[in-house]
Amino acid sequence: MLLQSRFDKSLWYSVDLSKGNLSPGTVGQVLGAGVVVFRSPCSFLGDPMFKDERSLCLQYMDLSHSVLSSSSIFQILRRCHQLRGLSLEALTLSDDVIT
């Protein structure tokens, strides 16, 4: 029962990890669970390390004032085909992320 509820999409609709210190792989696991709204402003985010190339359900994401690499942002954004809202305030972006 516990294992089933861990992957129940209704529990993972919106996730707020504000001011967190997320180890490598955590973001990939959370977003891969079907998260639609992800907030993690003012956080330290390790490499997302996705296990596969499938698209994410993510529609809204706030990473404002967080610390993460341009490569990590690119790994997330290239899987977001339904993204409607994005906040990257105070982040340094590479050309790969912008295009």
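**Fold, core and loop residues of the predicted model**

The structure is a predicted model, for which local features need pLDDT of at least 70 and side-chain atom pairs count only at pLDDT 80 or more, whereas totals for chains, interfaces and linings use all residues. Residues are numbered from 1 along each chain as its sequence is written, and side-chain values use heavy atoms, with hydrogens and water left out.

The protein comprises four helices and six strands, arranged from the N terminus in the order α-β-β-α-β-β-β-α-β-α. For 99 residues a compact globule would have a radius of gyration near 13 Å, and the 13 Å of the protein agrees with this; the radius is taken over C-alpha atoms, and the globule rule is 2.2 Å times the number of residues to the power 0.38. Along the principal axes, the C-alpha atoms fill a box of roughly 45 × 25 × 25 Å. Buried residues (under 20% relative accessible area, as against over 50% for exposed and in between for partly exposed, with a 1.4 Å probe and protein chains only) account for 41% of the 99 residues. Among contacts (heavy atoms within 4.5 Å) between residues at least 6 apart in sequence, 42% join residues at least 24 apart.

The largest nonpolar core contains 21 residues, of which Leu31, Phe38, Leu58 and Ile76 touch the most other members; such a core is a set of buried Ala, Val, Leu, Ile, Met, Phe, Trp, Tyr and Cys residues joined through side-chain atoms within 4.5 Å. Helix 2 (26–32) and helix 3 (70–77) each supply at least two residues of this core. Apart from neighbours within four places in sequence, Phe38 is in contact with Val15, Leu17, Val30, Leu31, Leu58, Tyr60, Met61, Asp62 and Leu63.

Val36 and Glu89, which are 53 residues apart in sequence, are 20 Å apart in space, C-alpha to C-alpha.

Backbone geometry sets two further loop residues apart. Most residues other than glycine have a negative phi. Lys19, however, has a positive phi of about 55 degrees although it is not a glycine; Lys19 is found in the loop between strand 1 (14–16) and strand 2 (21–22) and counts as exposed at 69% relative accessibility. Met49 likewise has a positive phi, near 45 degrees, and is partly exposed, with a relative accessible area of 43%.
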